[in-house]
Amino acid sequence: MEEYIYTKKEAAAVLGISLPTLDRLLRDGKIRKVKVSAKRVGITSGDLQAYIDGLKAKAGEIMEGLLTMQEKNERAASTKKSLDFSRKIAQYELLEDGTVALLDKEGNRIGRLIKE
C-alpha cells in the first residue's frame, strides 16, 4: 500500500494544530519526518497515524488514572462516613430478638445489627 506524504501545512490541519506546534513536535522527534527535497520535509500517513494512535493510547491511560482516582475518592468518602458513624456509637444493647441496638451518647437508638 502506497503511503501519502503530507506537507507540514496539511499535517497540521489533520491534527488541528498550528504550524509552530507541528514544528516543535518534529524537532522533538515526537513525529517522524521525511526529507522531500533539499529544503522541504513531509510527514507520511503512517507516521501521522502512529502519532495519533500514541495520543489515543495516552488519553486512555489518563482516563484510566482518572477513574482510579475517582474510585479512591469514593472509597475514602465511604470510609469517612463509616468512621463518622462508628464515632457516634457509644453503647450496644442486646435486644430480645437477638439483634444488637446501637446507641449514641444520649442513649438514643441510631442503628441495629442483624445477625445473618
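In which sense do E4 and strand E5 (residues 100-103) pair, and over how many bridges?

Mentor: E4 and strand E5 (residues 100-103) pair in the antiparallel sense, over 4 bridges. Two strands count as paired if DSSP finds at least two bridges between them. The strands themselves (E, at least two residues) and the helices (H or I, at least four residues) are DSSP runs, numbered from the N terminus. Please bear in mind that this is a predicted model, in which local features need pLDDT of at least 70 and side-chain atom pairs count only at pLDDT 80 or more, while totals for chains, interfaces and linings use all residues. Residues are numbered from 1 along each chain as its sequence is written, and side-chain values use heavy atoms, with hydrogens and water left out.

E5 and E6 form a hairpin with 5 residues between them, and glycine 107 in its turn has a positive phi of about 90 degrees. Together these strands make an open sheet of 3 strands in the order E4-E5-E6, with antiparallel pairing. Its edges are strand E4 (91-94) and strand E6 (109-113), each of which pairs on one side only. From one strand to the next, the twist averages 25 degrees, where axes are lines fitted to C-alpha atoms and angles run from 0 to 180 degrees between N-to-C directions.

The setting of this sheet is the next point. The protein chain contains 3 helices and 6 strands, and along the sequence these follow the pattern β-α-α-β-β-α-β-β-β. A second open sheet of 3 strands has the order E1-E3-E2 and antiparallel pairing. Strand E1 (5-6) and strand E2 (34-35) are at its edges with a single partner strand each, so one side of each has no neighbour in the sheet. E1 pairs with E3 in the antiparallel sense over 2 bridges, and isoleucine 5 has threonine 44 as its bridge partner in E3. E2 and strand E3 (residues 41-44) likewise pair in the antiparallel sense over 2 bridges. Here valine 34 has glycine 42 as its bridge partner in E3, and lysine 35 has valine 41. E2 and E3 form a hairpin with 5 residues between them.

The largest nonpolar core has 9 residues: Ala11, Ala12, Leu22, Leu25, Leu26, Ile31, Ile43, Leu48 and Tyr51. Such a core is a set of buried Ala, Val, Leu, Ile, Met, Phe, Trp, Tyr and Cys residues joined through side-chain atoms within 4.5 Å. At least two residues of this core come from each of helix H1 (8-15), helix H2 (19-27) and H3, and H2 gives the largest share, 3 residues. Over the 116 residues of the protein chain, 17% are buried; buried means under 20% relative accessible area, exposed over 50%, and partly exposed in between (1.4 Å probe, protein chains only).

There are 2 salt bridges in the structure, each being a side-chain nitrogen of Lys or Arg within 4 Å of a carboxyl oxygen of Asp or Glu. One joins the side chains of aspartate 23 and lysine 8 at 2.7 Å, N to O. Because aspartate 23 lies in helix H2 and lysine 8 in helix H1, this pair ties together parts that are 15 residues apart in sequence. Aspartate 23 counts as partly exposed at 29% relative accessibility, and lysine 8 is partly exposed with a relative accessible area of 28%. The other salt bridge is formed by the side chains of aspartate 47 and arginine 32, at 3.6 Å, N to O. It links distant parts of the chain, with aspartate 47 in helix H3 and arginine 32 in the loop between H2 and E2, 15 residues apart. Aspartate 47 counts as buried at 14% relative accessibility, whereas arginine 32 counts as exposed at 57%.

Helix H3 also carries isoleucine 62 (helix residues 45-88). Ile62, Met63 and Leu66 form a nonpolar surface patch with about 300 Å² of accessible area together. Isoleucine 62 has 47% relative accessibility and therefore counts as partly exposed.

Key
Patches are made of residues with over 30% relative accessible area and no salt bridge: like charges are joined within 9 Å, nonpolar side chains (Val, Leu, Ile, Met, Phe, Trp, Tyr) within 5 Å. Accessible areas come from the Shrake-Rupley method with a 1.4 Å probe; for residues, only the protein chains shown count as cover.
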